[in-house]
Amino acid sequence: MRQVNADSQRAPRGRTPVPGPRGARDDGTAPGARPGQVLGRLAVPGAVLAAVAGAFAYVAVVDPGEPGHYPACPLLRLTGLYCPGCGGLRSAHAFAHGDLLTALRDNAPAVLGYLAFAVLWTLWTVHAIRGRPLRLTPPPALLWSLGALFALFAIVRNLPFGGWLHP
């Protein structure tokens, strides 16, 4: 009988074995990672989440609809035109209170931004746990498209028929 060690085993026909990283673990974390190292890698994503949660908590408690708590939008104050961010604080206040329809009415792109943040933060955290950097390189066409959509949103909300987009 022929003896075969683990490194010299042959793969079945038509399949090429894909070696994993040396010492890779089943839980997806980096080889040799101790729990303390994983917690260290989660420090920055955790701090960002704490800052965002703190900001949302403040906006949830201090109503932006009440005058005197937050500064007015400079563009709105000087020109009377709504910028793409106008209504964002009211949207965050409604979102923090679970009123999704009011949040969308006040500033729909802001709500999409909150959801995009949640997805990107989750990806960042998963990559941090695994010890891999998160590299996001959106194509320029996507960035230009987003910029054009925000500009279009700002233009339409300031036209007479775009009154339903006013915060």
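View 1. Phe56 is partly exposed, with a relative accessible area of 23%; buried means under 20%, exposed over 50% and partly exposed in between (1.4 Å probe, protein chains only). Phe56, Phe95 and Tyr114 form one aromatic cluster. This is a predicted model, in which local features need pLDDT of at least 70 and side-chain atom pairs count only at pLDDT 80 or more, while totals for chains, interfaces and linings use all residues. Residues are numbered from 1 along each chain as its sequence is written, and side-chain values use heavy atoms, without hydrogens or water.

**View 2. Phe56 pairs with Tyr114.** Their rings form an edge-to-face pair, 5.1 Å centre to centre with 85° between the planes. Rings of Phe, Tyr and Trp (its six-membered ring) pair if their centres lie within 6.5 Å; planes under 30 degrees apart count as stacked, over 60 as edge-to-face and the rest as tilted. Phe56 lies in helix H2 and Tyr114 in helix H5, so this pair ties together parts 58 residues apart in sequence. (Helices are DSSP runs of H or I with at least four residues, numbered from the N terminus.)

**View 3. Tyr114 also meets Phe95.** Tyr114 is buried, with a relative accessible area of 17%. The ring centres of Phe95 and Tyr114 are 5.1 Å apart and the planes are at 55°, so this pair is tilted. Phe95 lies in helix H4 and Tyr114 in helix H5, so parts 19 residues apart in sequence are tied together. Phe95 is partly exposed, at 28% relative accessible area.

Conventions:
Helix = DSSP H or I, 4+ residues; strand = E, 2+ residues; numbered from the N terminus.
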